[in-house]
Amino acid sequence: MTRTEGIKVLCCNRRLNQFIKTLFKSCVTYLEAIWCCEELRDLVWIILVFYRINLVFHSSAMVKPRRKHIFNIYTGFYCSVIILPQICICSLFSTPPSDQFKKHPEAFPVATNREPFPWRELRLPSMVIPLHYDLFVHPNLTSLDFVASEKIEVLVRDATQFIILHSKDLEIMNAALHSEEDLRYRKPGKKLNVLSYPAHQQIALLVPETLMADLRYYVVIDFQAKLSDGFEGFYKSTYRTLDGETRTIAVTDFEPTEARTAFPCFDEPLFKANFSIKIRRERGHIALSNMPKIKTVELEGGLLEDHFETTVKMSTYLVAYIVCDFKSVSGTTTSGVKVSIYASPDKWSQTHYALEASLKLLAFYENYFDINYPLPKLDLVAIPDFGSGAMENWGLITYRETSLLFDPRTSSASDKLWVTRVIAHELAHQWFGNLVTMEWWNDIWLNEGFATYMELISVNATYPELQIDNYFLDVCFEVIKRDSLNSSHPISNEAKTPTQIHEMFDAVSYNKGACILNMLKDFLSEEKFQKGIIHYLKKFSFRNAKNDDLWSSLSNSCLEGDFTSGGFCYSDSKMTSNTLNFLGQNVEVKEMMTTWTLQKGIPLVVVNQEGHSLRLRQERFLKGVFKEDPSWRALQEGYLWHIPLTYSTSSSNGIHRYILKSKTDTLVLPEKTSWVKFNVDSNGYYIVHYEGHGWDQLITQLTQNHTLLRSKDRIDLIHDAFQLVSAGRLTLDKALDLTHYLQHETNVLAILKGLEYLESFYHMMERRNISDVTENLKHYLLRYFKPVIDAQSWSDEGSVWDRMLRTALLKLACHLNHAPCIRKATELFSQWMESNGKLNIPTDVLKIVYSVGAQTTTGWNSLLEHYELSVSGAEKNKILYALSTSKHQEKLMKLIELAMEGKVIKTQDLASLLHAIARNPKGQQLAWNFVRENWTHLLKKFDLGSFAMRFIISGTTSHFSSKDELQEVQLFFESLKAQGSHLDIFQIVLETIPKNIEWLEKNLPTLRTWLLVKI
Ligand SMILES: [Zn+2]
């Protein structure tokens, strides 16, 4: 808003309006662009201006004296009460930053050359915006560096004498500015003085004369840098061929803030622009980028230069390019999009499943979103070294090899589910994230929550046999662990620094985002939800959006009709665009959903059944904080959710709905019922506690005939019961009693869920060396699950979830030294050794066979040799896990050393390796000591806020359950803080360990007694 417009808003009287305009213009004449509030003389100027205008008015013969008097009062009031503060405010905020800088250079930071740096904010100013980048890059894969240049077309919104860009670790050789006229008449540009302020990863280009508002300019920069050694920016990755040759490729990974390490740019998601990219390469390589190649130009000296089509308008973090020697398979969708899967030549044969899946999923999304994929091609590339699972660069998606490649010989059922999910996730981003982008990283859940949620929708439709909705329950259960700690954060959360932005990529953004979307879909109906997101995507295509924009689109209740030019349509004229009519209640979607996005934590719904009435109460669910604790009340204050409840009862299996908006409420049932189950199919994001006889009634029903409850409800009950134990609402023996019905259970997921809790108790006891309970739990597990363990075949037969159950049960049985399991695994491993690793072992038991084999030195060494030679990432993961189960510490240490070196074991796998070693009772201390002693070395390999570092910290500490361990962790984190390193994960771990200690203190006696009774 300019100053003129700002004042216009205040005035409704036309004559007065005219007057104020005159006054304002006079103000501008006299005050120019100074800070009016800071010095008294400015106030004097304003009074003088008012006096001058008054004089003009009074000298007019057309105005009667009485009117003059009224006018005097009127204008006096306006000038002093409204205009003056307004001008002050306007001046304060609209004083051009260049002027602020000129007036107060001492208030600005100091650049590397000791000159004042003209910008002090972390966010870029909006007075100059990018329109188009011409980017040329020439990486040298031998000297491992690159030279590059760019021409950025910018539009100046407000006159300025500098341009601020992001740039990190780049050597700028030359920077020049061209006007449109310079380019038209081929005049030389003006050389720019470049200042650098590394603390904010920014450079300032100082222009010799003021850049004029509304004009376009062209910034030309030549720069160079080393290819990065890590996993971000423009980095090198290597792979070994079957002949043992090591080859190097160069690849980019920019999200969230690393594009600035590859080229100076406006590196914020809001600054969308078009990109025309040229890549120079050697003949033996290929170059890939977001768009298809237009042509290749042969250069003197044998080099080639690929020119790519200009991209659509997009954010910098989605730009990508790769120089490699990979091979591909391709196919075309019915809508004409060419899809290709790239991998290193020896892995080419593992690309076919990805091609089939991506063709299917792309076609599904085009249909579901009713928007065609806007680029002519889509490449999916398996990168040998990759920091995260995958990255959704528009048109050039990059994956960790194990997230894209599928090897029928070694990839298990769970690998297939993972690959399909990651492809579905990244393809969903081509719409959620790429086409419509969040305005700022605080709303990253709009990208990640949606992409995670769309995995469920798209895989369910394209691969129903994978039964992904079973898996989705765990997506929510997983984040509840995090969200029931006080150190959790709201989905939409402030993020300023690059480290804070990195930390936003966590379970809350991904999983909780997806779970609340699933809850909203269940509330709105599938059809309305889909219409709403189509509306949202169409309205904000090639633009940016925030939380509220989504709620406005989703609350549009039209089922039919068009969504014209971003307007709303109404199914009921009485409703506002944000209101839905729901069971006679008007529901504000935005009002409801902001209780889930702006508020951290998860609600606990407490149900108390008395005859026909159900007394309901909502609280904040907190793990390890008991109602009798002094802190409980304070932690509850201010929390209230609008919870779309669902329930079914023993007398009515239909789904009943009710919205709980207050702390307490009462529901009256039409008929008497023995039990009631809330959160039908676990679609809601809340935990339920049944007070009084509620749990007993449900346990009785499960024991008598569990099939009267829906299968997902049974899984949900197991989950909630153990969660309630950790919050002191239910005793452990009651939760354990509930699992007793599992011997009659046929639903794989329910068995897996029960097993998961029992197994986690076993591991806790084993790690703490509580031998009597460990032994008794082992006997109980083997006896209780014997029929189902013995029923397992050592094969890959059955549905995906039957196969998952087989892997889980046999893994447990062999871990517990169950003789038949060990016998069979040893036999298969011997055969495998005799065949020199050629024998095909069923993929679902591969990890188990290798783990048993790794317990002897010969077996361990053979596996490590085989690891080096294997070209299957899926197999390598299984071998590495097996190697990490060794009881010999020197072997475990050797693995860590190899992963640090990065040749035999890739450094990308260090985090999961440390996690696995820390889960091994013989390795837990080793892994933890290693992290403490090698912190600075680790930071050279991974960024502080990266997935890997966070996983390394939580993976090696969060299972601790003793006071000594807690003290060690506390001391270590304090020493890191003293060095200036801080991460949210420190707080999470420091909250988790005391809760583990408390759980053990409270529940160990109960567990011990319960086992004695049961075995
Ligand atoms: Zn994602």
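How do H7 and H9 lie relative to each other: parallel, perpendicular or oblique? To answer that, start with the two axes, keeping in mind that this is a predicted model. The axes of helix H7 (residues 352-369) and H9 come within 10 Å and cross at roughly 40°. Angles under 35 degrees would count as roughly parallel, and those from 65 to 115 as roughly perpendicular. The two helices are therefore oblique to each other. As for handedness, the crossing of H7 past H9 is right-handed.

His425 has 6% relative accessibility and counts as buried. His429 counts as buried too, with a relative accessibility of 0%.

**Salt bridges**

Side chains of opposite charge can pair when their charged atoms come close. In this model the count comes to 47 salt bridges.

| Pair | N to O distance |
|---|---|
| Asp325 and Arg247 | 2.9 Å |
| Arg281 and Asp306 | 2.5 Å |
| Lys481 and Glu478 | 3.5 Å |

Take Asp325 and Arg247, whose side chains meet in a salt bridge. Asp325 lies in the loop between strand E15 (321-324) and strand E16 (327-332), while Arg247 belongs to strand E10 (residues 246-253), so this pair ties together parts that are 78 residues apart in sequence. Asp325 is buried, at 12% relative accessibility. Arg247, in contrast, is partly exposed, with a relative accessible area of 28%.

What about the pair of Arg281 and Asp306: buried or exposed? Both residues are buried. Their side chains also meet in a salt bridge. Arg281 is in strand E11 (residues 274-281) and Asp306 in strand E14 (residues 304-308), so the contact ties together parts that are 25 residues apart in sequence.

The pair of Lys481 and Glu478 sits within one helix. These two are three residues apart in helix H11 (residues 468-483), so they are separated by about one helical turn. Lys481 is partly exposed, with 40% relative accessible area, and Glu478 is partly exposed as well, at 42%.

Salt bridges can also be followed through a group of residues. Which residues are linked in a network of salt bridges? Arg617, Glu619, Lys627, Glu691 and Arg729 are.

**Backbone details worth a look**

The peptide bond from Glu255 to Pro256 is cis, with omega near 0°. You'll find Pro256 in the loop between E10 and E11.

Then there are two arginines to check. Arg114 is not a glycine, yet it has a positive phi of about 75°. Its place is the loop between helix H5 (97-103) and strand E1 (128-140), and at 71% relative accessibility Arg114 counts as exposed. Arg186 is not a glycine either and has a positive phi of about 50°. Arg186 is found in the loop between helix H6 (180-184) and strand E5 (190-191), where it is exposed, with a relative accessible area of 77%.

Technical notes:
Residues numbered from 1 in each chain as written. Predicted model: local features only at pLDDT ≥ 70, side-chain atom pairs only at ≥ 80, totals over all residues. Heavy atoms only, no water. Salt bridge = Lys/Arg side-chain N within 4 Å of Asp/Glu carboxyl O. Helix = DSSP H or I, 4+ residues; strand = E, 2+ residues; numbered from the N terminus. Buried < 20%, exposed > 50% of the residue type's maximum accessible area, 1.4 Å probe, protein only. Axes fitted to C-alpha atoms, helices over the stretch in contact; angles between N-to-C directions. Parallel < 35°, antiparallel > 145°, perpendicular 65-115°, else oblique. Left-handed = near helix turned anticlockwise from the far one by under 90°.
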